[in-house]
Amino acid sequence: VYDYKSGTYIDAQHIAAVATGEYKMRYYSFGQKSYAGEYTGWAGDLVTLFGEYIQKEGSYASPQRFIEDNFGNFSGSSFKYSDLLEDSLGYLLGKALYEKSSAVSLMKQYIKSSSVQKSPIAEFYAYCFNGSQENLKYKSKLMLGGYSTERRALAAVILEMFGYPMLSVQSELKIDEFVRRFSDRFHLIAGQ
């Protein structure tokens with residue numbers, strides 16, 4: 001699907017996968033339990049972006065520079081702007097399906113309408129993280145395996161699946177700074 005607002009193509013299959021994961025998480029009330037479906041969207045992209053960083057960190061002076069070059073822009077990274085848009089739309093569609101709203105109407109509203117007050121990314125940021133950068137930091141660290149051995153195992157599977165280095169004691173020490181820089185940029189992109 002071509003998104004005229006951003007001037008980029010977005011992947012309907014990715015959106016559908018994210019929406020399905022979000023819907024199932026809500027429907028089956030996973031709550032604080034680990035659920036692999038959480039990684040169909042932003043959390044999976046975050047893990048692969050972190051794997052990319054660990055793989056390429058020798059080429060970057062800091063996580064900040066890596067994030068600026070590889071997150072939320074039109075680069076060839078694993079978490080470029082179109083991925084963030086797809087994750088946002090998928091989240092909003094999954095939420096709408098769970099609330100028994102019309103997913104088709106919602107998609108048309110975001111893709112075709114120029115009267116939308118907030119971008120899908122801003123809406124996603126508002127709903128998923130309560131518009132809070134602190135919540136974003138917490139959830140990001142959680143999805144990278146901080147605070148939870150179950151989620152650490154899920155993150156390790158994703159890293160292995162995409163051929164990125166496994167989490168080590170050294171990479172764990174880098175998570176906090178990476179998450180801080182990631183949340184700063186996400187906050188900026190969401191227009192908060």
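How many of the 18 residues of H4 are buried?

## Helix H4

In this predicted model, the count for H4 is 16 of 18, so the helix is largely enclosed by the rest of the structure. H4 covers residues 81–98 and runs 26 Å from its first C-alpha to its last, close to the 26 Å expected at 1.5 Å a residue. After the helix comes Lys100, with a positive phi near 60°.

Asp45 sits in helix H2, residues 42–56. Here's a curious one: Asp45 is buried but has no salt bridge, and Lys80, the nearest side chain of opposite charge, is 7.8 Å away. Beyond its sequence neighbours within four places, Asp45 is in contact with His14, Ser78, Phe79, Asp83 and Asp87.

## The nonpolar core

The largest nonpolar core has 47 residues, and the ones touching the most other members are Trp42, Phe178, Phe182 and Phe186. Take Phe178: leaving out residues up to four places away in sequence, its contacts are Leu46, Leu49, Phe50, Tyr53, Pro63, Phe66, Ile67 and Leu144.

## Aromatic rings

There are 20 aromatic pairs in the whole structure. One of them joins Phe74 and Tyr81, tilted at 35° between the planes and 5.4 Å centre to centre. What about exposure for these two? Phe74 is exposed, at 59% relative accessible area, whereas Tyr81 is buried, at 18%.

Then there's a single aromatic cluster made up of Trp42, Phe71, Phe79, Tyr91, Phe124, Tyr125, Phe129, Phe182 and Phe186.

Key
Residues are numbered from 1 along each chain as its sequence is written. This is a predicted model: local features need pLDDT of at least 70, side-chain atom pairs count only at pLDDT 80 or more; totals for chains, interfaces and linings use all residues. Side-chain values use heavy atoms; hydrogens and water are left out. Helices (H or I, at least four residues) and strands (E, at least two) are DSSP runs, numbered from the N terminus. Buried means under 20% relative accessible area, exposed over 50%, partly exposed in between (1.4 Å probe, protein chains only). Lys and Arg count as positive and Asp and Glu as negative; His and the chain ends are not counted. A salt bridge is a side-chain nitrogen of Lys or Arg within 4 Å of a carboxyl oxygen of Asp or Glu. Contact means heavy atoms within 4.5 Å. The expected span of a helix is 1.5 Å times one less than its number of residues. A nonpolar core is a set of buried Ala, Val, Leu, Ile, Met, Phe, Trp, Tyr and Cys residues joined through side-chain atoms within 4.5 Å. Rings of Phe, Tyr and Trp (its six-membered ring) pair if their centres lie within 6.5 Å; planes under 30 degrees apart count as stacked, over 60 as edge-to-face and the rest as tilted.
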